[in-house]
Amino acid sequence: MPVSNLTSNVSCPFAKTMTDEQLKEEVIMAIKGVYDPEIPVDVYELGLIYDIKIFPVNNVYILMTLTSPSCPSAGTIPTEIEEKVRAIERVNDVSVELTFDPPYTTEMMSEVAKLELGFM
């Protein structure tokens, strides 16, 4: 059987994994469009996203934090993330959970964010 037929087979676990990974990349790109209004770096590069899981039928779970529990954008950032991810055509449902454990530190930032904010 040609390789192209193997990857197009929906029941093939490899094809499903690739699909989940591709969807996860789309989710990350959507999240990268969300910014803390006080910081000129997207929330993904800031390290505010702790986990992204793709469950069956393209349900997406996002575990995230904020820079502080008293962040003035606490009501808007998780909602904006949910809206942007929900707008992805292949996404069925989205759940965004906010946690402060572990607490956010600047060590969670990507190198891109650290360079942008002058930490490097």
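**View 1. Asp51 and Lys53 join their side chains in a salt bridge, 3.6 Å from N to O.** A salt bridge here is a side-chain nitrogen of Lys or Arg within 4 Å of a carboxyl oxygen of Asp or Glu. Asp51 is partly exposed, at 24% relative accessibility. Lys53 is partly exposed too, at 37%. Buried means under 20% relative accessible area, exposed means over 50%, and partly exposed lies in between (1.4 Å probe, protein chains only). The model is predicted: local features need pLDDT of at least 70, side-chain atom pairs count only at pLDDT 80 or more, and totals for chains, interfaces and linings use all residues. Residues are numbered from 1 along each chain as its sequence is written, and side-chain values use heavy atoms, with hydrogens and water left out.

**View 2. The protein chain holds 5 helices and 3 strands.** Helices (H or I, at least four residues) and strands (E, at least two) are DSSP runs, numbered from the N terminus. Their order from the N terminus is α-α-α-β-β-α-β-α. Of the 120 residues, 36% count as buried.

**View 3. Strands E1 and E2 form a hairpin with 3 residues between them.** E1 covers residues 49-55, runs antiparallel to E2 and is joined to E2 by 6 bridges. Two strands pair if DSSP finds at least two bridges between them. Ile49 has Met64 as its bridge partner in E2. Val57 lies in the loop between E1 and E2. Its phi is near 55°, a positive value in a residue other than glycine. Asn58 is found in the loop between E1 and E2, and has a positive phi of about 60° although it is not a glycine. Which of these is buried, and which is exposed? Val57 is exposed, with a relative accessible area of 62%. Asn58 counts as buried, at 18%.

**View 4. E2, helix H4 and E3 make a right-handed β-α-β unit.** Right-handed means that, with the strands pointing away from the viewer, the path from the first strand over the helix to the second runs clockwise. E2 (residues 59-64) is mostly covered, with 5 of its 6 residues buried. E3 (residues 93-98) runs parallel to E2, and 6 bridges join the two. Leu63 stands opposite Glu97 in E3. The buried residues of H4 are Ile77, Pro78, Ile81 and Val85. They sit on the same side of H4, because they cover an arc of only 100° around the axis. That arc is taken from the directions from the helix axis to the C-beta atoms.

**View 5. Glu82, Arg86 and Asp93 are linked in a network of salt bridges.** Glu82 and Arg86 meet at 2.6 Å, N to O. Both lie in H4, 4 residues apart, about one turn of the helix. Glu82 is partly exposed at 28% relative accessibility, and Arg86 is partly exposed at 35%.

**View 6. A salt bridge joins the side chains of Glu26 and Arg90, at 2.6 Å from N to O.** This pair links distant parts of the chain, 64 residues apart: Glu26 is in helix H2 (residues 13-31), and Arg90 is in the loop between H4 and E3. Glu26 counts as partly exposed, at 32% relative accessibility. Arg90 is partly exposed, at 29%.

**View 7. The peptide bond from Asp101 to Pro102 is cis, with omega near 5°.** Pro102 is found in the loop between E3 and H5.
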